[in-house]
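I opened this notebook to record what I looked up, entry by entry. Each entry takes one topic.

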Amino acid sequence: MPKAAKTIQATASTFPLDRILIGDSIRILSELPSQSVDAVFADPPYNLQLGGDLTRPDNSRVDGVDDEWDKFSDFAAYDQFTHAWLKEAKRVLKPDGCLWVIGSYHNIFRVGAILQDLGYWILNDIVWCKSNPMPNFRGKRFTNAHETLIWASPSKDARPCFNYESMKNMNDDKQMRSDWNLPICSGKERLKGDDGNKAHPTQKPESLLYRVILSSTKPGDVILDPFFGSGTTGAVAKRLGRHFIGIERDKLYAKFAERRIKETFTAPETEFLVTPAKREEPRIPFGIVLERGLLRPGATLFDERKRYKARVKADATLSSSRHGDEIRGSIHKVGALVQGLPACNGWTFWCFDPEGNGEMVPIDLLRQRIRAEAVGRH
């Protein structure tokens with residue numbers, strides 16, 4: 001499992017797992033081995049192009065992003081910078097790795113175009129809808145209540161990790177959508193300096209990185225963050241049993257990040273970090289259910305609402321009727337035909353009454369029981 005972070009001066013002599021490297025992102029990226037990391041999460045400068053101070057209606061100053069690291073002479077300079085770090089990020093990514101980059105309307109469209117120019121393949125754009133955004137104090141534009149994340153692979157042919165079942169479980173058994181409603185970083189999570197001010201102006205919430213990392217990496221994977229800032233990527237990676245490499249040129253930011261990661265609890269055993277993908281589970285033919293005596297020939301199956309019924313035959317086929325005609329075939333074929341659909345998952349469609357009390361459960365329960373027994377034997 002990942003250890004606490006340690007800040008070191010950048011060197012390519014050893015692979016710097018769970019380390020914060022101090023220095024220029026592009027230079028340090030160029031020193032890392034090719035195809036050495038599983039994922040990149042980047043929160044680069046947004047090039048906000050702020051003109052003067054932003055004030056509230058009471059004339060108090062808004063603590064915006066006006067640091068030198070976010071300032072570029074023009075769009076050409078920003079594009080050159082973006083092209084350089086994205087090119088190196090692509091080189092260090094494994095062939096089936098992935099990249100996440102977050103931005104606002106100031107920069108994300110330029111970043112997206114350069115991504116495609118460099119041969120990345122965009123998988124999704126995610127809209128982070130901020131449940132508690134900063135108001136538009138001047139009242140001349142819509143409140144800027146979202147940021148955009150681009151999820152991409154190094155090439156069209158890559159097969160990046162996507163933990164579909166984990167995301168579905170996180171969303172109350174519904175497919176996770178591309179609009180994520182999460183709050184901005186605030187309260188106790190927001191790092192503060194000795195003066196009580198924000199330690200970093202653009203600290204991202206851990207909930208955002210939790211979803212990014214859980215969705216697209218596996219325990220033990222290496223996640224590179226070339227703009228490490230306050231260390232959110234490293235802290236969440238440690239919580240989820242992943243490794244990280246952080247690059248940060250500001251020594252004060254790195255100091256805050258190092259202390260934060262050191263105080264982050266270590267991930268539990270791997271079994272608590274993984275949701276097995278259904279497509280990777282062992283295949284169980286319906287016939288095994290009959291061979292094991294979990295269902296008997298002649299048993300009647302229904303759909304959950306008892307609109308359709310079928311009888312189980314000894315050869316593991318089902319017999320039903322539709323419009324007066326007999327239908328016979330696999331649990332999937334008959335389930336589709338009685339509904340007039342092109343396909344059906346018979347395991348979840350067909351149900352039985354194991355206790356004889358009218359409470360129907362899917363026959364998939366029997367398949368899961370057989371799988372669990374097989375795992376127990378090994």
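**Entry 1: the whole chain**

I started with burial: of the 378 residues in the protein chain, 44% are buried. I note here that I am working from a predicted model. I then looked up the secondary structure and found 11 helices and 15 strands in the protein chain. Taking contacts between residues at least 6 apart in sequence, I get 65% that join residues at least 24 apart.

**Entry 2: aromatic pairs**

How many aromatic pairs does a search of the whole structure find? I get 11. I took Trp 151 and Phe 162 to begin with. Their ring centres are 5.6 Å apart and their planes stand at 45 degrees, so I log this pair as tilted. Trp 151 belongs to strand β6 (residues 146-153), while Phe 162 is in the loop between β6 and α4 (164-170). The pair therefore ties together parts that are 11 residues apart in sequence.

I checked burial for both partners. Trp 151 has a relative accessible area of 8% and is buried. Phe 162 is at 35%, which I record as partly exposed.

I turned to Phe 228 and Phe 244. Here the ring centres are 5.6 Å apart and the planes are at 15 degrees, so this pair is stacked. Phe 228 sits in the loop between β8 (222-225) and α6 (232-239), and Phe 244 sits in strand β9 (residues 243-248). That pair ties together parts that are 16 residues apart in sequence.

I then looked for charges over ring faces. Lys 306 lies over the face of Phe 302, at 5.6 Å from the ring centre.

**Entry 3: Gln 203**

Gln 203 is in the loop between β7 (179-182) and α5 (206-216). Its relative accessibility is 5%; the limit for buried is under 20%, so Gln 203 counts as buried. What is Gln 203 in contact with, leaving aside its neighbours within four places in sequence? I list Cys 185, Glu 189, Arg 190, Leu 191, Ser 230, Thr 232 and Arg 260.

**Entry 4: helix α7**

Asp 250 caps it, with a side-chain oxygen 2.9 Å from the backbone nitrogen of Leu 252.

**Entry 5: positive phi**

I searched for positive phi in residues other than glycine. Asp 18 has phi near 55 degrees. I find Asp 18 in the loop between β1 (6-9) and β2 (19-22), and at 5% relative accessibility it counts as buried. Gln 35 has a positive phi of about 50 degrees. Gln 35 lies in the loop between α1 (25-31) and β3 (37-42).

**Entry 6: Tyr 308**

I place it in the loop between β10 (300-302) and β11 (309-312). Tyr 308 is partly exposed, with a relative accessible area of 25%. Val 338 is 30 residues away along the chain, yet the two C-alpha atoms are separated by 7.1 Å.

Which residues is Tyr 308 in contact with, its neighbours within four places in sequence left aside? I noted Leu 301, Phe 302, Asp 303, Val 338, Gln 339, Phe 349 and Trp 350. One of these, Phe 302, is the ring that Lys 306 lies over.

Notes. Residues are numbered from 1 along each chain as its sequence is written. This is a predicted model: local features need pLDDT of at least 70, side-chain atom pairs count only at pLDDT 80 or more; totals for chains, interfaces and linings use all residues. Side-chain values use heavy atoms; hydrogens and water are left out. Rings of Phe, Tyr and Trp (its six-membered ring) pair if their centres lie within 6.5 Å; planes under 30 degrees apart count as stacked, over 60 as edge-to-face and the rest as tilted. Helices (H or I, at least four residues) and strands (E, at least two) are DSSP runs, numbered from the N terminus. Buried means under 20% relative accessible area, exposed over 50%, partly exposed in between (1.4 Å probe, protein chains only). A charge sits over a ring if NZ of Lys or CZ of Arg is within 6 Å of the ring centre and within 35 degrees of the ring normal. Contact means heavy atoms within 4.5 Å. A polar contact is a pair of N or O atoms within 3.5 Å; within protein, one must be able to donate a hydrogen and the other to accept it, and residues adjacent in sequence count only if both atoms are side-chain atoms.
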